[in-house]
Amino acid sequence: MSAINARRTSSAVAPKARGGVILPWLATPALVVFAAFALIPLVGVLLLSFTSWDTLGEIKLTGLESWRAVLSDPGLPHALWVTFLITALSWAVQTPASILIGVFLAGRQRYRELLAVLYFIPLLLSSAAIAITFKALLDPNFGLGAGLHIDLLNQDWLGTPSLAMGVVIFIVSWQFIPFHALLYQGGVRQIPRSLYEAAELDGAGRVRMFFNITLPQLKYTAITSSTLMIVGSLTFFDLIFVLTEGGPGDATRALALDMYKRGIQANLMGQACVIGVILVLVGLALALLLRRLGGRNPNASQLEGA
Amino acid sequence: MESRTSSRRTFLTLSMGLPLGAALAACGTSGPAPSGGGTGGGAAGGNGGGGGKATYWFLQGPPGEAPRTASVQRFNKANASGQIAITTIQNDAYKTKIKTAIGANQAPTIIWGWGGGGLRSYVQAGQVEDLTSWFGENAAVKDRLFPGAFGAATIDGKIYAMPCETVQPIVLFYNKKVFEKVGAQPPQSYGDILDLVKKFNAAGIAPFSLAGQSRWTNMMWLEFLFDRIGGPEVFQAVFDGEKDAWNNPASIEALTKMQELIKANAFIKGFSSVTADSNADQALLYTGKAAMMLHGSWSYGIQQAQGGDIVPSGGLGWMNFPGVDGGKGDPTNTVGNPGQYLSISSKATPEQKEIAKKFFATGVLDDQEQKDWVGTGGVPIVKGSDKLFAGSKDAEFLNFIYGVASNAKVFAQSWDQALSPTAAEVLLDNIAKLFQLSITPQQFATNMNAVIGK
C-alpha cells in the first residue's frame, strides 16, 4: 500500500484509476506460473479422479468408481497411518534437535561457524544418493555391521517393519535437520540482545533464558519450520522409494508412494489421482491449521514487544 | 475504494481467464510433449506420423544392447531405402516411457516388450498391429522359431508380436564349492530341499539367496511350487479369469509350503531388504554366503561378469527346479521369459510398418545376431540354434538352457508379465506380504481373487 501511495503523490499524471489497472498486471507473471504449474495440474488431477484410465487407452468417465475403489481399499487407512507416523515422528525428532542445534549455531564463535558448514552438508546431497548410500551401509549381509563385525549394527534394518520405519525417520531427520537448524539459527539471531541483558540483570540463568526468552521468541520460526516439515513429509517419496519401495510388505508405503504405485506401476491413473486429491486436501488442512495456531495469539512473540 | 473493487474484479477475471486459456491450449497437444526420442540415445525418437524412417526403442546396457544395435546396423546397411533409427533406454525408465509414449500416440514404430499382459493392454487400446495374417503369409518366419515363444505374443487367438532374442527360463543355481564343503548333494526332490535347508543352516550358511525387496524374485518360487504341486493348470485358470481360481487346494498348499520354507529360515537373513537390481542376491551366491538361488537364466552372465572365478572354475551348478513328491506338475516344466517381443505400432505410417515387417523377416535373429546372443550366454529362440554352441566356453550351460526350453512340456510365462499390469501390481504386493508372513495363504488367495480378470 505504501508503495502505491508513494507513487500517487510523486507523479501527478497518474490518476487514481491507473494504479487500479496496472496493479493486477504486475501479478500476472506469478499468476501464470502458478496457474500453469499448480492450478491446471490440480484441476486435471481432480477431473482424472472421476475417470478410469490405464494410461494407454481412452480416458473413460466412470464417476465415483475410482473414489469408491480407493476409499474401500484397506490399503488407504494403512497408507494414511504410515504417512501420519512419518510426519509426526519426523517432526518430533527434527524440531527439538533443530532448535538445539540452531541455538548452538547462533553463537558467533569461530568453531561454531565451522560446524555450521559441516552440518549443512547432508542438505546438499540428493535424496536418492542418500538412500542408496544408507541402503548399502545397512545391508544385512554386506553392510557396515557385517563389514566391521559389529553385531549390534547387524540388524535386518530394512526388512523388519518397525526398524524400517525407524530408519526412514532417522534418515529424513539426518537430511533435513541442517535446514531447519539454519532457520532457527536465523530466528535466534534476530532476538534482541536487550531481552537477554534485561533477564541477566534480573538474575535469570541460561536455562531459564532459553525457556522464557529464546523459545517464545522462536514461535514464528517454529511455525514456519513445522509447516515445511509437515507438508513436506506428506509428499515424501524419493527416499522411501529407493530405500524400501514401501516395504517390507507395506510397512513404509506412504500416500505418495501408494499414488505412484497405483498410477505408474498398476496403470490405475484414476485411483492415483484420487490419492493425489486426498494428499492435497490433507496438506491444505494441515497448512491452514498451522496458520491458525500461529495467528490466534499474535501478541505473544512480536519483536516490538521487547 | 470504488476503484479498488473494480480493480479486484479485473484482477479476478484476469486470473480466471489465464488458466482457462492455458488449459484449452493444453488440450490441443494431448499428453506429454514428443520429447520421446531425444533424451534416450540421441537418435530420432517416437514420431508416430513421421517420414520414411522407422523408429525402434529398446533396453540399454549389457548384455542385450550390443546384439540389438548390431542387427539394426546390418539391416540399415542392406536397406538403404528403409532405415531404422534406434533409441536405447534404461530398463526401469523404459517401462514407464514406452507406456507414456503409446498412451500419447507417440510410440516408436517397433515396440520392444515382454509380451503377455503388457501386450494385452496395448492390444485393448488398439495401439499395436495384428500380425496374424502376416505370419500366415510368411510361414517361414514363424516356423523357424520356438513354438513356445508364441504363447505370450498371442492375445485372444491373434498374434500381435514377433518373438525375438533369447529364451530365459528360471533355473536353480547352486554353489558347488559350498556343497562340497558341507558334503551335500544337489536336491532331487522338494523333500531334499527341506533336508538341505536344515543341513546348511546347521553349517551356518544360508540355504537360499533371495532378493526379496524386488518381489518378482519371490514370485519365481511360487511359480515353481504352483507348477510342481498342481500343474500349470492352476495358474492358467487365474490367467483365463476363472472365478476364485486362487482358492484351488493346490494353490493354498503351495502358498502354505512357501511360508513353511520361510519359517524354516530357508532364505538369507534379511532377504526382504535385498534387491535384485544391485545384484546383491547374486553376490550372496558367489561369495558362498548362500548355497543356492532360484533365478532367471541371465544370472549366469552376471555370475560370470562379477563372480570372480566361480564360473571359469566350474564352481557354479545349475538344474531345473525339482519335483514335489505327490505333485501333479511335470518336473520338465519351466517358467520364465519364453522370449522377448517386437510389436508394430498401429499409429505408424504404412511405409514405417513395411520397414518394420521387412526387419522382422530379414533382420531379426539373422545368423550373426544368433551368434551374438550366444556370445552373451543367451540361447536364441531359433530351432537348432544349439549348433552354434560348439566351441563356446559356455556350451555346457547353453546346452542345458536349450534342453530345458525345448524339452519343457509347458514353458509358462512369468506371472507378472502374463497378467495385466494392474493385476500384476496387486500380485507382487501380496507376494511381499506373504513372504513377510503378514498375511495367511487364504488371505493371499482372497486378495488375489478380487483382481482376477482385471
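Strand β3 (residues 110-113) and strand β12 (residues 340-344) of chain B pair in the antiparallel sense over 4 bridges, where strands count as paired if DSSP finds at least two bridges between them. Helices (H or I, at least four residues) and strands (E, at least two) are DSSP runs, numbered from the N terminus. This is a predicted model, in which local features need pLDDT of at least 70 and side-chain atom pairs count only at pLDDT 80 or more, while totals for chains, interfaces and linings use all residues. Residues are numbered from 1 along each chain as its sequence is written, chains are lettered from A and ligands numbered from 1 in the order in which they are written, and side-chain values use heavy atoms, with hydrogens and water left out.

**The sheet of chain B**

- Strands of a sheet pair through backbone hydrogen bonds, either parallel or antiparallel.
- In chain B, 5 strands form an open sheet with mixed pairing, in the order β2-β1-β3-β12-β6.
- Because β2 (84-89) and β6 (162-164) of chain B stand at the edges with a single partner strand each, one side of each is left without a neighbour in the sheet.
- Neighbouring strands of this sheet are turned by 25 degrees against each other on average, direction ignored.

- Helix α15 (residues 350-363) of chain B lies across β1, β2, β3, β6 and β12 of chain B, and runs at about 150 degrees to β12(B).

**Nonpolar cores**

- The largest nonpolar core has 73 residues, and those with the most contacts inside it are Tyr56(B), Ile84(B), Tyr94(B), Leu342(B), Phe359(B) and Phe360(B).
- Such a core is a set of buried Ala, Val, Leu, Ile, Met, Phe, Trp, Tyr and Cys residues joined through side-chain atoms within 4.5 Å, and buried means under 20% relative accessible area, exposed over 50%, and partly exposed in between (1.4 Å probe, protein chains only).
- Leu342(B), not counting residues up to four places away in sequence, touches a set of residues including Tyr56(B), Trp112(B), Phe359(B) and Phe360(B).

**Salt bridges**

- Over all chains the count comes to 18 salt bridges, each being a side-chain nitrogen of Lys or Arg within 4 Å of a carboxyl oxygen of Asp or Glu.
- Asp250(A) and Lys433(B) meet in a salt bridge (3.4 Å, N to O); Asp250(A) lies in the loop between α13 (238-243) and α14 of chain A and Lys433(B) in helix α19 (residues 421-435) of chain B, so the pair joins two chains.
- Both Asp250(A) and Lys433(B) are buried.
- Glu129(B) forms a salt bridge with Lys353(B), with the closest N and O atoms 3.2 Å apart.
- Glu129(B) sits in the loop between α5 and α6 (132-137) of chain B and Lys353(B) in helix α15 of chain B, so that the pair links distant parts of the chain, 224 residues apart.
- Glu129(B) is buried, with a relative accessible area of 19%, and Lys353(B) is buried at 15%.

Methods: Axes are lines fitted to C-alpha atoms, for helices over the stretch in contact, and angles run from 0 to 180 degrees between N-to-C directions. Contact means heavy atoms within 4.5 Å.
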